[in-house]
Amino acid sequence: VIARVSLEIALGREFDYVIPPELESVVKEGCRVLVPFGPRHLPGIVTAIVSDSTYPNPKPIIRVISAEAVVPLPLIKLARWMARYYCCPLEQAMKTVIPEIVRRNRAGWLKRLYVKIAPFKGDLPRLTKRQLQVWHIIEELQEVPFQKLIELAHTTPATVRRLEDLGLIEIVPQTILRDPYANEVVVPTAPLQLNMAQSNALNQIVAALKETQQPKHIESITPSEVDAALAPAPVTEPEVTETSKPSTMPRVFLLHGVTGSGKTEVYLQAIANALAMGRSAIVLVPEIALTPQTVERFRARFIQGPHKTYVAVLHSHLSAGERHDQWQMIRRGQARIVIGARSAIFAPVQSLGLIIVDEEHEHTYKQEESPRYNARDVAIVRAQLENAVVVLGSATPSMESYYNARRGKYRLLELPMRIDGRKMPKVRIIDMRQVYTKDGYHPTISPQLHEAITQRLERGEQVILFINRRGYASLLECTLCGYVARCPNCSVTMTFHRSKDILLCHVCGETQPAPDKCPNERCGNRQIKFVGLGTERVEHILGKLFPKAKITRMDSDVMDRKEEYRRILGDFRTGKIDILIGTQMIAKGLHFPNVTLVGIIYADLTLHQPDFRAAERTFQLITQVAGRAGRGEFEGEVIVQTFTPFHPAIQFARRHDYQGFFERELQFRAELKYPPLTRVALITLRGRNPDKVHFTARYLRRTLEAVLVGQNIEDVLKTPAVCDFATPPLTTSGDVIISGPAPAPLFKAHSYYRFQIMLRTRYMMSLVDKLARVQAEFPLPDDVSMTVDIDPLEMS
Ligand SMILES: [Zn+2]
Ligand SMILES: [Zn+2]
């Protein structure tokens with residue numbers, strides 16, 4: 001019998017090993033083994049058991065590292081799918097699926113000695129006064145950590161050991177759970193009364209849970225199944241309205257609920273139903289929204305009652321020990337709910353029933369390094385492998401998800417109203433083209449926003465101001481010679497950070513001291529102009545306008561420390577801060593009842609990004625930020641300052657009209673054949689010599705074209721590389737549209753020049769297999785590298 005093993009080193013394939021007879025009963029798929037590899041012994045994971053090997057003389061496995069099947073089988077299948085779909089080596093996908101701490105056995109359970117009262121009969125033996133005192137403490141507590149007893153009783157280990165010798169107590173090691181949220185106070189909660197829309201959503205989810213209750217063993221997921229799950233719904237598919245048509249994908253729901261519409265309560269009650277059926281649940285939230293309050297809401301509901309279970313938490317800030325404990329608790333079935341950021345989608349839960357992806361449109365679900373997976377899409381594939389139900393929730397669904405819901409591929413659940421009859425905030429658009437100061441400039445704070453802030457401060461209400469850029473000014477410009485400070489490594493300007501008095505590149509982190517005069521030697525002008533706003537400057541200006549207000553800034557410059565983030569949110573909650581200024585960090589899921597005004601200082605910042613999703617992102621941002629206003633008893637107001645007041649993204653956001661925006665944006669996407677009508681694969685080539693990168697990119701483009709129409713890559717590569725300047729910007733090969741190579745929007749980053757080729761298709765599974773061949777065989781020059789990004793969200 002042969003075991004197929006994925007090794008830790010990046011070789012891009014698996015190896016076969018013979019299972020020796022004495023290990024036959026213990027070697028299973030998912031267990032970790034030590035195998036010979038050349039002169040070395042390497043750890044690996046058994047990914048399959050097969051009867052035949054294609055290798056001539058497979059060597060035997062040396063030993064099993066951990067006999068418990070560490071990795072549940074569906075996760076191995078999921079890793080296999082990820083490697084294929086996201087064009088990365090299997091071992092890299094495995095590393096993503098299984099945390100390092102588990103793979104390498106770097107941490108175990110933390111054991112502490114406990115003192116417990118022993119079951120003894122008869123009279124108490126004669127004790128010294130000291131022993132008696134210690135005994136009384138133990139008798140009262142029944143069970144106490146050894147170390148704590150020593151401190152409590154002001155005694156010595158010897159005294160306690162003596163009591164053990166007398167048979168009065170037992171000293172035993174016990175596992176201590178390292179729980180990152182152990183110190184949070186949790187008050188149990190009961191399910192809330194649902195409104196009509198909420199109950200309808202819940203009923204449909206519960207019905208799907210019942211439909212999928214039979215465990216289904218899927219051997220592997222075929223390309224057509226993946227395409228069925230992830231490909232855009234066909235354009236010819238008629239639109240679905242309400243519940244007119246049974247869906248082909250009953251397992252994926254899109255819960256579209258306006259901000260404050262009570263989505264979380266639907267999640268909580270859906271989870272309770274899954275638990276009642278003996279199944280588990282995974283809840284994904286964006287990392288930034290994974291606050292102690294969020295965790296507490298879930299723990300509070302399941303800390304007692306019929307569905308009592310431990311709620312595990314997984315995110316990137318856990319210590320090694322905490323991660324180990326949480327992972328093992330989940331794998332053993334002791335934690336049946338997992339809440340976490342992106343990587344929690346790989347939680348090894350048993351009998352998975354429900355996956356919730358909250359704020360499904362969030363870009364943080366996408367990993368920006370290999371494997372470049374999107375946790376939302378992985379959730380859909382995992383659910384298919386394990387016969388589970390997926391709920392994607394958002395107030396501003398991604399174009400992709402809403403499109404699939406409208407075409408009947410997902411089931412659309414709508415929560416159109418805020419709970420308790422609260423009104424949506426009123427959104428006012430300020431046309432900044434019409435607003436001037438006395439000296440003829442456009443001010444940072446319009447008179448309308450100034451007035452609105454003044455009112456709130458007088459009434460003791462709170463204000464959030466949003467600007468999507470940190471720093472003081474996005475560029476420094478000499479008023480005489482036109483000199484602009486640029487990063488030497490990247491094709492961007494340096495941002496001025498006033499608090500540190502430096503120029504900083506937001507791409508590569510290059511810093512320079514801020515100049516006090518023009519660095520151009522022939523100029524030396526002392527008049528340097530600050531152009532472009534950032535959070536620091538807004539804070540500075542506000543401090544002058546409202547000297548008595550307590551103003552705090554929250555962006556990644558301030559937020560280097562996790563504790564600082566918690567402290568500021570705490571201070572804001574308790575009213576110690578009047579005005580909170582921040583980047584998108586403050587746009588997500590925060591709930592402050594006393595905030596009645598939200599100001600967006602410069603809405604155009606996201607709108608002008610060179611990305612086909614710029615309008616979608618702006619619409620989402622305004623809606624999400626606006627959602628922070630009026631969540632308490634007072635009505636909220638939103639003021640949006642912009643120089644393009646009639647842009648559809650801004651106008652539809654003003655009217656809270658998601659559907660209107662969707663229809664309009666879909667027309668634009670359809671004309672250009674962009675997602676959601678297609679899926680994108682983005683190939684980026686990088687190198688220090690721009691001409692060489694460009695040449696390689698053109699050769700790659702020609703190779704791709706030939707391979708996509710079915711030519712053999714070896715034959716294609718036999719013809720010499722020629723510089724083909726006549727390449728049209730766009731061609732179609734088979735089902736694929738190819739465009740580029742074009743300089744990347746961020747042409748130079750970290751001293752590397754970048755060119756991109758974009759491929760668009762409806763059938764990604766057939767494209768990725770071809771891309772993998774090209775990736776493996778295409779002869780890259782030494783100093784040019786290639787990355788393939790499937791379903792990219794950042795086009796930079
Ligand atoms: Zn100058
Ligand atoms: Zn730079």
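1. In this predicted model, the lining of the largest cavity is made up of 9 nonpolar, 7 polar and 9 charged residues. The volume of this cavity is about 230 Å³. Of the 25 residues in its lining, Arg-376, Glu-400, Arg-613, Pro-675 and Leu-793 are the closest to the centre.

2. Several elements contribute to that lining. At least two residues each come from α12 (375-386), α13 (399-406), α18 (614-626) and β27 (679-687). The largest share belongs to α13, with 3 residues. The model has 8 cavities of 30 Å³ or more.

3. The zinc ion (ligand 2) is a separate topic. Its protein donors are the SG atoms of Cys-487, Cys-490, Cys-505 and Cys-508, at 2.2 to 2.3 Å from the ion. Along the chain, these donors follow the spacing C-x2-C-x14-C-x2-C. Cys-487 sits in the loop between β18 (475-478) and β19 (495-497), and Cys-505 in the loop between β20 (502-504) and β21 (511-513), so the pair ties together parts that lie 18 residues apart in sequence.

4. For comparison, the ideal angle for four tetrahedral donors is 109.5 degrees.

5. Are Cys-487 and Cys-505 buried or exposed? The cut-off for buried is under 20% relative accessible area. Cys-487 has 5% relative accessibility and therefore counts as buried. Cys-505, with a relative accessible area of 2%, is buried too.

Terms used
Residues are numbered from 1 along each chain as its sequence is written. Chains are lettered from A and ligands numbered from 1 in the order in which they are written. This is a predicted model: local features need pLDDT of at least 70, side-chain atom pairs count only at pLDDT 80 or more; totals for chains, interfaces and linings use all residues. Side-chain values use heavy atoms; hydrogens and water are left out. Donors are N, O and S atoms within 2.8 Å of the metal (3.2 Å for Na, K and Ca); water is not among the atoms, so sites may look incomplete. Helices (H or I, at least four residues) and strands (E, at least two) are DSSP runs, numbered from the N terminus. Buried means under 20% relative accessible area, exposed over 50%, partly exposed in between (1.4 Å probe, protein chains only). On a 1 Å grid over the protein atoms alone, a cavity is a set of points where a 1.4 Å probe fits but cannot get out, and a pocket is an open set with protein on both sides within 12 Å along at least five of seven lines; lining residues have an atom within 4 Å of a point. Grid points are joined across faces, edges and corners, and a volume is the space filled by probe spheres set on the points. Ala, Val, Leu, Ile, Met, Phe, Trp, Tyr, Cys and Pro count as nonpolar, Asp, Glu, Lys and Arg as charged, and the others, Gly among them, as polar.
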